[in-house]
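Biologist: I have the chain open next to me. Can you talk me through it?
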Amino acid sequence: MLLYHVWVGPHGPSLLTSWALEPWQLVPAALLAFLYGKRARTLRRRGTPVPAWRRFVFWLGFALVLLALVSPIDAFASEFLFMHMLQHVLIGDLAPLCFVVGLTGPMLQPLLRFHLVNKLRFLTHPAVALPLWAYNLALWHIPFMYQAALHNPSVHAFEHVCFFSYGALMWSPVVETLPGPEWFGTGFKLGYIALVRLFETAFGNVFLWSGTVFYPYYVHAHPRWGITPLHDQALAGTVFYPYYVHAHPRWGITPLHDQALAGTVMMIEGSLVTLAALAWLFLRLGAEGELRQELLERGLDPRAVRRAVRYGRAQELSGPR
């Protein structure tokens, strides 16, 4: 019966029928994809193509955006907080990571010619990007803001743009498409990732262990016969009884369980991404240590070695062997 309701959804969203197009949300993603494809073709004609693996990761990010906005995930997000959280981790974490990894310096060169854009590069500084990301995440989960996004499609679209943009800023110092501060090497990046996930884990635990439903929208998202608990109270002429808030949960998921599942989604996704990022950074840290030692043993200037290893230019420094 549960599978029937999930696939067919006679009284709500379904995996078969709940596919939709949201122009206000898809247009920015489509524009980014168009500009990326156009620039990639230009670089290929000039003989400096974007590496195939970077292009694959970029288009994977675009696919994740489509999955979040076009698939039934978007329809179920209005029914369940945990599905809305899944949508947000796709748009605000995984997709931005893929987009940033898919970029290169030559890819961004036309934008950097604009003085204003070049000045905005300070937003990718780790001491700026991390607080901005954390502030944006906290802001949109304040009940007033979250409820506003659920009730207003334009606000909802703006929320998604913010999640994606600040997610891209958060990942920029780690991926470092453009050179970052010299001090922000691989060791500091490990600490940066740890801070990001510490904040996200604390956030997830609030949802997981709270005994209070934060967003009343989800309390009334699944009325029986179209009668919400507040309508039921008005018809009865009696005081409010919390039992009726959870008397008819969709799929047996009460609003409080739904909220706990949302925290679980946030924490599981964060843990998996963190493990992958830390593994990559630890391997990189080891490789950099070996390379630094090798260059120092060849009698090269320590300062030059440190900078060359930091920015991946050791081949230029050492020259042909």
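Biologist: Leaving aside its neighbours within four places in sequence, what is Leu43 in contact with?
Modeller: Leu43 is in contact with Thr48, Pro49, Val50, Pro106 and Met107, where contact means heavy atoms within 4.5 Å. This is a predicted model: local features need pLDDT of at least 70, side-chain atom pairs count only at pLDDT 80 or more, and totals for chains, interfaces and linings use all residues. Residues are numbered from 1 along each chain as its sequence is written, and side-chain values use heavy atoms, with hydrogens and water left out.

Biologist: Where is Leu43 placed?
Modeller: Leu43 belongs to helix H2, residues 23–45. Helices (H or I, at least four residues) and strands (E, at least two) are DSSP runs, numbered from the N terminus.

Biologist: Is Leu43 buried or exposed?
Modeller: Leu43 is buried, at a relative accessible area of 3%. Buried means under 20% relative accessible area, exposed over 50%, and partly exposed in between, with a 1.4 Å probe and protein chains only.

Biologist: And how many residues separate Leu43 from Pro106 along the chain?
Modeller: They are 63 residues apart along the chain, with 7.8 Å between their C-alpha atoms.

Biologist: Change of topic. How many helices and strands does the chain have?
Modeller: The chain has 16 helices and 0 strands. Of its 321 residues, 42% count as buried. Among contacts with a separation of 6 or more, 73% come from residues 24 or more positions apart.

Biologist: Which residues of H8 are buried?
Modeller: Pro126, Ala129, Leu130, Trp133, Ala134, Asn136, Leu137 and Trp140. Seen down the axis of H8, these buried residues fall within an arc of 160°, so they line one face of the helix. The arc is that of the directions from the helix axis to the C-beta atoms. On the other side of H8, Ala127 and Tyr135 are exposed.

Biologist: What covers the buried residues of H8?
Modeller: The cover includes helix H9 (143–151), helix H10 (153–175) and helix H11 (186–209).

Biologist: What do the buried residues of H11 pack against?
Modeller: They pack against helix H5 (81–101), H8, H10, helix H14 (255–297) and helix H15 (302–310). H11 has 24 residues and reaches 34 Å from its first C-alpha to its last, close to the 34 Å expected at 1.5 Å a residue. The expected span is 1.5 Å times one less than the number of residues.

Biologist: On to rings. How many aromatic pairs are there?
Modeller: The count is 18 aromatic pairs. Rings of Phe, Tyr and Trp (its six-membered ring) pair if their centres lie within 6.5 Å; planes under 30 degrees apart count as stacked, over 60 as edge-to-face and the rest as tilted. The ring centres of Phe80 and Phe82 are 5.5 Å apart and their planes are at 45°, so the pair is tilted. Phe203 and Phe207 also form a tilted pair, with 5.9 Å centre to centre and 45° between the planes.

Biologist: How far apart are Phe203 and Phe207 in H11?
Modeller: They are 4 residues apart, which is about one helical turn. Phe203 and Phe207 are both buried. Ring pairs link Trp133, Tyr146, Phe199, Phe203, Phe207, Phe214 and Tyr215 into a cluster.

Biologist: Last one: how many disulfides?
Modeller: The count is 0 disulfides, a disulfide being a pair of cysteine sulfur atoms within 2.5 Å. Cys98 is buried, with a relative accessible area of 9%, and Cys162 is buried with a value of 9%.
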